[in-house]
Amino acid sequence: MATMLPREYDSSTVSSAERKLFELLKHDPDTADWIVLHSLGLSRRGMKPYGEIDFVVLIPSGGIFCLEVKGGGISCSGGIWEVTNREGKTEKLKRSPFMQAREGMFALRKALLHHMPRVVQEKLVFGYAVVFPDIIFNKESTEWEAWQVVDHETLKKPISEALKKLSFNMRNIHKADKSAEPDAVTLKKVQQALRPDFEVVITRGVQIEKTEERLLRLTHEQFDTLDLLSENERCLFEGAAGTGKTMLALEYARRSALSGKRTLLICYNRILGDWLTSQVIGYNLGDRLTAGRYYKILRNLISRSSFSSEFSDHEKCDETNELFGSTYPYFGQLAIDELDDKFDVIIMDEAQDLIRREVLDVVNCYLKGGLKNGIWAAFGDFERQAIYCQITGGQIKALLREYASSYAKGKLTLNCRNTKNIGEETALLSGFRSSPCRMSKIPGPPVDYRYYSSKENERAVLYETITRFMEEDVSPEDIVVLSKLKYVNSGVSGIDGGKKFRLVEMNNLASEKSRIPVIPFITAQAFKGMESSVVILCDIDQVSDADQSLLYVAMSRARSQLTVLLHEQTKKIISERIAKKLKEELYPAHD
């Protein structure tokens, strides 16, 4: 993989053609010792006060090559060039793409000649080409050579092949000898000389802040879905990760309580339950709205009943399966009947984890009118997020129908949590043949895959990742580190953040007092239902069918930035899947 500068294309990169070429250069295994500068700004370009080159590629033993990228269709009539995008919008060019690339090459050479004249005159071969990723360009002219064209057909082979051919021909033209020049040392000097001319890019922290604002607006658009609940007393909403289920459940609970109905919002996970509890406290709705983890709420109910002491004895002695499978539901129903403590509305979030017979028996008792005739709503993902039970999504829904034979069904189809990049690559790595929902059009930063070879090396990679984020103005409060393993078993356990940060298990955050920024660590299983602006997923030592559900849950927790730390043994399969994705983007089925 080439060294990309910057490492990721900026989220403001509108051109899909440039984004495609960026990924092709980055992931081509034959570009490992190349340096690629994207969107290189020049202080001057010919008679113009400034200029920009789409890509500058530095190839050891090859040379320095400027690439002009033109997406969409292209035409030339009477010497006037025009480009047409996918929406059919046409734009005139001031000069041909080949002249643009040629001018960029000479401007770049002139800039380098000022900084390092001897190296430029003696060692460097310059060249240029135009990339047309969306079309087959087989036109001929004295203005360009065929090997200066990289088109749709050319890109069916690795991009490195086209650029090596460009290098070979340019070196022949310039009668360059077969020495190793420019070698890696020379090209590093060239790179350093060009950096001051880079256009200023907004920091990652600002990028994430802007992305978060756009995702928040998208979430509020989902509230229109609640109209279905105003017309139906019982409703099951299905949606993939990121479709806004939790936010909709919370908003429906708030509206229900405001209308005067005593409302209960429950979930399975402790972390999510604590967050829901903290959210409803801010609504100031008193006992009209209760929210939190199902088992915590049920335990509090039992503790208020006359069965508290007997339940406590069982809680100390019963095995886990017996405790949650029979003890909780038995004493819970007794307490509900004794206290006559029932709700007008019950809402289940992450319903795929709650729809079990032992839970539904209690909910049926807890809800006025029961599940058959009462008012309830359930929000769940029955495809990949039911990681706590061994039955299928279809079997879970069949069980619900035993308790409530009639209810409305709603489908959440728009991903309003994740950026387009995160949503697509979550689906890619977790084994979906097609996306489980419509992706947002908000691109955001690319997913960052970083590889490690050992536990020690993984800690070093995590250290570099976190410190880089903080240097780029990302708030530590926006970062969470996830793993499939508990902290004590994780490869990053014991990481030394020095004076820059501390990695602390999320369970211990409340008691943690430190002047040094604290980064939370938690298992992906425990974080299910939650989300974070920035997620660093570690300990990925394999990408197999058995890991797909957990990968789906973990990766989809990230809203704006996702970094995945993978063992080197996964590099081949990750590269293959990304290459497949790029190929499908470049050559869709209708081609």
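At what angle do helix α10 and helix α14 pack, and how far apart are their axes? I will start there, and then go through the rest of this structure. Please keep in mind that we are looking at a predicted model.

Helix α10 covers residues 294-303 and helix α14 covers residues 357-366; the angle is about 55°, and the axes are 13 Å apart. The cut-offs for roughly perpendicular are 65 to 115 degrees and for roughly parallel under 35, so α10 and α14 are oblique to each other. The crossing of α10 over α14 is left-handed. On the α10 side, the residues making the contact are Tyr294, Tyr295, Ile297, Leu298 and Leu301. On the α14 side they are Glu358, Val359, Val362 and Tyr366. Sorted by class, this contact has 8 nonpolar residues, 1 charged and no polar.

Helix α2, residues 97-115, packs against helix α5, residues 184-194, at about 100°, and here the axes are 10 Å apart. An angle of 65 to 115 degrees counts as roughly perpendicular, and therefore α2 is roughly perpendicular to α5. From α2, the residues involved are Leu108, Leu112 and His115; from α5, they are Val190, Ala193 and Leu194. The class count for α2 with α5 is 5 nonpolar, 1 polar and no charged residues.

Next, the overall numbers. The protein has 591 residues, and 54% of them count as buried. It contains 20 helices and 21 strands. If we take contacts between residues at least 6 apart in sequence, 73% of them join residues at least 24 apart.

How many disulfides does the count give? The count is 0. Cysteine 66 has 1% relative accessibility, so it counts as buried. Cysteine 538 is at 0%, and is therefore buried as well.

Threonine 246 sits in helix α8, which runs over residues 245-258. Is threonine 246 buried or exposed? Its relative accessible area is 11%, so threonine 246 is buried. Setting aside neighbours within four places in sequence, threonine 246 is in contact with Leu272, Trp275, Leu276, Asp349, Glu350 and Gly529.

Methionine 439 is in a loop, the one between α17 (420-429) and β16 (448-452). With a relative accessible area of 18%, methionine 439 falls under the 20% cut-off and so is buried. Which residues does methionine 439 touch, not counting those up to four places away in sequence? They are Leu414, Asn415, Lys420, Gly423 and Glu424. There is also a C-alpha distance to report: methionine 439 and threonine 243 are 196 residues apart along the chain, and their C-alpha atoms are separated by 9.3 Å.

Where is tyrosine 487 placed? It lies in the loop between β17 (479-483) and β18 (502-505). Its relative accessibility is 16%, so tyrosine 487 counts as buried. Leaving out neighbours within four places in sequence, its contacts are Val492, Ser493, Gly494, Ile495, Leu503, Glu505 and Phe521. Leucine 503, one of these contacts, is 16 residues from tyrosine 487 along the chain, with a C-alpha separation of 9.9 Å.

To return to the opening pair: α10 and α14 pack at about 55°, and their contact includes 8 nonpolar residues. That is the end of my part.

Notes: Residues numbered from 1 in each chain as written. Predicted model: local features only at pLDDT ≥ 70, side-chain atom pairs only at ≥ 80, totals over all residues. Heavy atoms only, no water. Axes fitted to C-alpha atoms, helices over the stretch in contact; angles between N-to-C directions. Helix = DSSP H or I, 4+ residues; strand = E, 2+ residues; numbered from the N terminus. Parallel < 35°, antiparallel > 145°, perpendicular 65-115°, else oblique. Left-handed = near helix turned anticlockwise from the far one by under 90°. Contact = heavy atoms within 4.5 Å. Nonpolar A, V, L, I, M, F, W, Y, C, P; charged D, E, K, R; others polar. Disulfide = S-S within 2.5 Å. Buried < 20%, exposed > 50% of the residue type's maximum accessible area, 1.4 Å probe, protein only.
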